[in-house]
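The sequence and the model are shown below, and the description follows.

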Amino acid sequence: MITLNNISRSFIGDEVETVAIDKMSLSINKGEFLSILGPSGCGKSTLLNVLGMLDNIDQGEFTFLAHRVEQCSENQCAKLRKQHIGFIFQNFNLIDELTVEQNIELPLYYHNVPKEERKKRVNEVLKRVDIAHRRKHLPAKLSGGQQQRVAIARAIITQPALVLADEPTGNLDSKNSAQVMELLQELNKEGSTIVMVTHAPEHVQYGTRVLELLDGKILRDEKVENAVPSAKLTEVACG
Amino acid sequence: MVNLLLIVAWRNFWRDKTTSFIQLSGLVIGLACFILIQLYVDNQKSYNSQFTDAQNIYRINLIRDESKPQAQTPLKLSQELTSNFQQIDDATRVASNGISVKHSQNIYAERGLFVDKNYFSFFDFELLEGDIHTALNAPDSLVLHEDMAIKYFSRSTGVLGNRLTINGKEHQITAVIKKNNTPHTMPLTLILPIESYFSLLPSEAWQTRWNYNATVTFAKIANKSSIENLTRAVSDYYDERAKGSSSFKTNRVVIEPLLNIYLNNVTTYSLIPPGSAVMVTVFDIVALMILLLACVNFTNLSTAAAMRRGKDVGVRKALGASKHQLITQYLLEAILLTSAATVISLLVVELFLPSFNILMNTEINLAYSSSLGLQLISLTLFVAIAAGSYPAFYLSNLSPAHVLKGLVSTSKTGNLLRQGLIILQFGIAAFLLVSSLIVNWQMQFVKDMPQGFDRENVVVVNRGADIYNSFKTQLARHPDVISTTMSHTVPTKPTRTSNIVRPVNDISSEIWVGSNPVSYDFFQTFGIKLLSGRDFSKTYTNDIYVENENDWQASTGKLIINQSLATSLGWSPEEALDQMVTMGGAGGDGLHNHQIIAVVEDSHYINAKNAISPMIYLLSGQPRDLSLRWTSIRLKAGASLQTVKELEQVWLGLDGNLTFKYDWLSDLFSASYRNENQQTELLNIFTFLAIMVTSIGLFGLAAFNTQQRVKEIAIRKILGASTSQLCFMLVNQFSRLVLLANIIALPIAYWLMRDWLNGFIYRIDMPYSAFILSGIFSLIIAYITVMVIAYRAATAKPVDSLSCE
């Protein structure tokens with residue numbers, strides 16, 4: 001699904017150049033749930049931004065669903081992103097002025113989905129993330145966990161092939177974190193490919209593969225063995 | 001402490017350069033417009049204030065029947081006033097007439113002022129040389145204005161005793177008037193004793209006729225409380241004497257203060273073209289509006305920037321600053337910025353004053369004085385406090401706990417205020433836009449409407465009765481001349497004589513008509529179309545109009561009438577042909593009948609602001625018979641200046657002492673709309689500036705609002721919003737406000753412009769398209785302004801906005 005071949009990305013500050021991704025090569029297959037670990041500044045978020053086409057690469061090759069992304073124009077990237085990728089952020093990034101259902105509906109609006117269909121899909125996904133009772137509320141009235149469930153609902157409503165999650169539990173307590181992780185795991189089991197940046201090593205268990213980064217390079221890339229069943233994991237997280 | 005305040009103010013100015021420059025430039029435009037318009041308004045209101053006795057001097061105007069007041073009065077009025085009315089301390093006369101000035105073998109056409117000896121006791125001009133008390137004593141005295149002295153002698157002093165030949169008679173220079181920039185209503189030209197004017201009259205009897213109005217009469221009246229009674233008494237006195245000597249039934253006078261006469265544009269025959277009190281008021285209001293717009297920009301952007309300054313407030317309050325200290329800080333910043341704007345706006349005014357003077361035909365200077373300084377300081381403080389108070393109080397009232405958490409931006413009151421101010425700004429802009437569109441269209445309509453004559457390729461020359469016949473004969477041989485005629489008056493100039501026309505079968509029914517005695521070929525020369533009948537012709541000797549005072553019934557002459565008169569008489573142009581009408585019956589005249597031989601189309605003699613009155617044309621056998629005053633020549637299209645030079649040679653060959661003072665009829669036509677043109681142009685400029693100031697404000701606010709929404713824009717973009725969708729979203733928030741502004745402002749504009757249009761006799765229908773255009777135009781302006789910001793925000797990389805969280 002995704003192939004990165006020898007890609008680099010660096011940022012030039014006032015005086016120093018910071019290399020965020022250093023000649024990295026990586027393949028992500030359809031149906032994987034990839035967790036990315038690593039200390040602050042190791043390039044996790046940059047990698048996620050590159051995968052989400054929110055940021056460009058300086059060199060290397062980036063193939064997404066047979067498209068050579070580094071050769072795509074801004075508009076082409078925007079189109080790919082719109083059609084195939086959903087985002088979940090640590091700080092939820094909900095729009096304060098819109099209600100829960102309006103926030104969730106927004107991507108469908110941009111996909112020109114007819115009103116009836118939008119309504120139907122919003123209802124489904126509201127039930128799916130168990131937030132239907134709060135549909136008319138503004139984000140400010142929700143707890144962190146509820147806000148993140150809304151953000152997940154918004155990310156998956158277009159049924160994207162790839163969900164990118166940037167520390168989705170970073171602002172949540174352990175109970176809410178577990179609920180969010182279970183939700184992501186379910187999505188993965190239903191066929192969504194998920195790439196998640198996390199600071200919490202225990203959440204790696206929900207995924208199928210782990211990638212550890214340091215200074216812009218891959219330090220470890222392995223399959224997650226002995227994946228804990230969801231129910232068990234919830235106990236671990238809460239315990 | 002003050003030092004610290006200044007440093008903080010200075011740093012704040014530079015920290016947010018865009019906002020600061022937008023605030024500054026809005027204020028500069030607002031202040032510069034305000035100062036410029038105030039200079040103009042002061043100039044217009046200060047006419048004649050330089051004269052020592054200005055408070056006690058009045059002009060006597062006549063009102064006859066329902067016609068407009070006129071400044072020209074009988075020659076003997078002045079004498080009658082001082083002899084018969086104790087309340088009048090003194091009176092003086094001024095007559096204005098074209099003169100020929102001969103100097104060093106050259107002849108110049110000038111305008112001469114013929115005045116009484118006591119002229120300078122009314123109008124005490126400063127003299128460069130000569131004695132103000134004796135300057136007009138000798139019958140051959142001549143007082144020059146400084147410009148005239150330079151024109152004729154290349155110097156302004158040392159010219160006393162020199163001579164100029166005026167209308168063939170030598171005059172000796174006795175004084176030179178110093179030029180100054182203070183405006184007054186006395187033409188700056190050559191001043192001669194009034195006796196010289198008497199010699200221009202057909203006979204001595206005209207000096208004492210109550211129905212011959214040629215001089216402007218000024219009176220000194222120290223006792224203001226007597227004006228009302230005096231007006232009544234003089235009116236009765238005048239009416240008793242003038243009644244019966246003309247066709248007018250009532251004759252009244254108006255005693256008008258000298259300080260008011262310039263802005264009175266109702267009275268006709270003023271010595272100089274008048275200004276317009278209405279336009280002065282309009283400009284006063286426009287100046288205030290633009291200043292208000294600039295203040296609104298300032299307030300709006302300052303409260304918008306409260307988010308950034310909010311933290312500053314929080315920290316200061318936490319450190320112990322009192323509310324009072326904070327208000328002082330923010331007000332001081334407003335005063336500093338406004339002071340800078342005032343200084344820059346003075347430079348802008350200096351820069352544009354020359355162009356403004358050319359446009360408005362004024363000589364306004366920015367005279368730096370302590371009083372100007374005081375006015376500017378007051379203006380600066382007023383604007384700074386008006387614009388800076390709300391932000392100062394708003395900021396100083398913020399709760400430190402809230403602002404430090406960054407909650408300022410969600411203030412509903414602040415948002416509502418900003419939206420309200422945007423509505424106010426766009427309301428003013430829409431109002432000005434509609435008003436100037438309608439004013440422009442109405443003025444264009446008035447200029448373009450059929451005038452009833454063809455103004456192109458016609459040269460009009462003042463006087464020439466004595467040489468007319470030979471002149472016409474010689475011109476007939478010129479290849480570029482189509483026709484030549486002479487007439488008592490010409491289109492673009494008001495008719496000066498009147499008459500009464502009555503249907504033969506109902507002589508009690510009177511129609512008051514304007515009368516224009518003409519020579520042959522008048523209608524051909526002016527391109528006035530005959531709707532029926534024939535032109536005056538030499539083939540019919542009875543065409544010539546001759547009144548027989550011994551036997552009125554034996555008076556002869558045919559009439560050509562205009563369509564308005566035919567309609568008043570109840571006839572179509574064809575029906576009017578060969579009909580008889582009765583004339584006379586005024587001023588002791590007997591009744592006499594005349595036959596109508598033609599009906600011509602209506603022609604505008606003054607301008608289209610005045611209704612066309614019924615009109616008769618009489619044929620003058622010889623130019624002197626019916627006092628013909630203007631020689632007019634129709635040239636072939638494309639005739640050059642050389643042709644006019646050749647005409648001048650012919651003219652001077654016939655009378656070397658008579659200047660060939662000519663005007664193109666098209667120029668006379670344009671000149672009759674000069675004031676309207678100037679004022680329309682000024683209104684256009686200020687409307688443009690008002691829109692610009694509004695756009696600057698909107699730009700600033702849009703930039704600020706967009707900056708507040710960068711995160712939201714990034715989220716929407718990640719969720720798939722296209723650039724155009726984002727731009728539309730950002731622009732749309734303002735379009736509602738702009739539409740609301742239009743909904744509020746346009747009915748007010750409709751109401752005011754309906755009244756304004758009703759003041760015109762020939763007018764356009766209320767152009768609803770102007771309202772639609774204004775709505776569309778203000779939306780387009782708002783869209784373009786906001787789109788610049790929106791596009792930049794919508795195309796920015798979303799990751800940058802989200803990573804700052």
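How many bridges join β3(A) to strand β8 of chain A, and do the two run parallel or antiparallel? Four bridges join β3(A) to β8(A), residues 193-197, and the two strands run parallel. The model is a predicted one.

**Strands of chain A**

Strand β3 of chain A covers residues 33-37, and five of its five residues are buried. In a regular strand the side chains alternate between the two faces of the sheet. In β3(A), A:F33, A:S35 and A:L37 point one way, while A:L34 and A:I36 point the other way, and all are buried.

An open sheet of four strands in chain A has the order β2-β1-β4-β5, with antiparallel pairing. Its edge strands are β2(A), residues 17-28, and β5(A), residues 67-68, each of which pairs on one side only. Strand β1 of chain A (residues 2-12) runs antiparallel to β2(A), and eight bridges join them.

| Strand pair (chain A) | Bridges | Direction |
|---|---|---|
| β1(A) and β2(A) | eight bridges | antiparallel |
| β3(A) and β8(A) | four bridges | parallel |

**A covered helix in chain A**

Helix α5 of chain A spans residues 144-156. Its 13 residues reach 18 Å from the first C-alpha to the last, close to the 18 Å expected at 1.5 Å a residue. The helix is mostly covered, with eleven of the 13 residues buried. Among the buried residues are A:V150, A:A151, A:I152 and A:A153, as well as the charged A:R149 and A:R154. What covers the buried residues of α5(A)? The covering elements of chain A include strands β6 (85-88) and β7 (162-166), together with helices α3, α4 (115-128) and α6 (174-189).

Chain B has 805 residues, of which 42% are buried. It contains 24 helices and 22 strands, and its C-alpha atoms fill a box of roughly 105 × 65 × 55 Å along the principal axes. Among contacts in chain B with a separation of 6 or more, 81% are between residues 24 or more positions apart. The chain is divided into domain 1 (1-46 + 278-410), domain 2 (56-263) and domain 3 (464-660). The centres of domain 2 and domain 3 of chain B, taken over C-alpha atoms, are 30 Å apart.

Twelve residues of chain A are in contact with 13 residues of chain B. On the chain A side, helix α3 (residues 100-110) gives the largest share, three residues. By class, this side has six nonpolar, four polar and two charged residues.

**Nonpolar cores**

The largest nonpolar core has 160 residues, and those with the most contacts inside it are A:A153, B:I290, B:A294, B:V434 and B:A690. Leaving aside neighbours within four places in sequence, B:I290 is in contact with residues including B:G30, B:F34, B:F686 and B:A690. Apart from this core lies another, of 58 residues, among them B:L81, B:L142, B:V176 and B:F218.

Definitions and conventions. Residues numbered from 1 in each chain as written. Chains lettered and ligands numbered in written order. Predicted model: local features only at pLDDT ≥ 70, side-chain atom pairs only at ≥ 80, totals over all residues. Buried ≥ 20, exposed ≤ 12 C-beta atoms within 10 Å, placed from the backbone. Contact = placed C-beta atoms within 7 Å. Domains from an automatic or database assignment. Expected span 1.5 Å × (residues − 1). Pairing = 2+ DSSP bridges. Core = buried A, V, L, I, M, F, W, Y, C linked by C-beta atoms within 7 Å.
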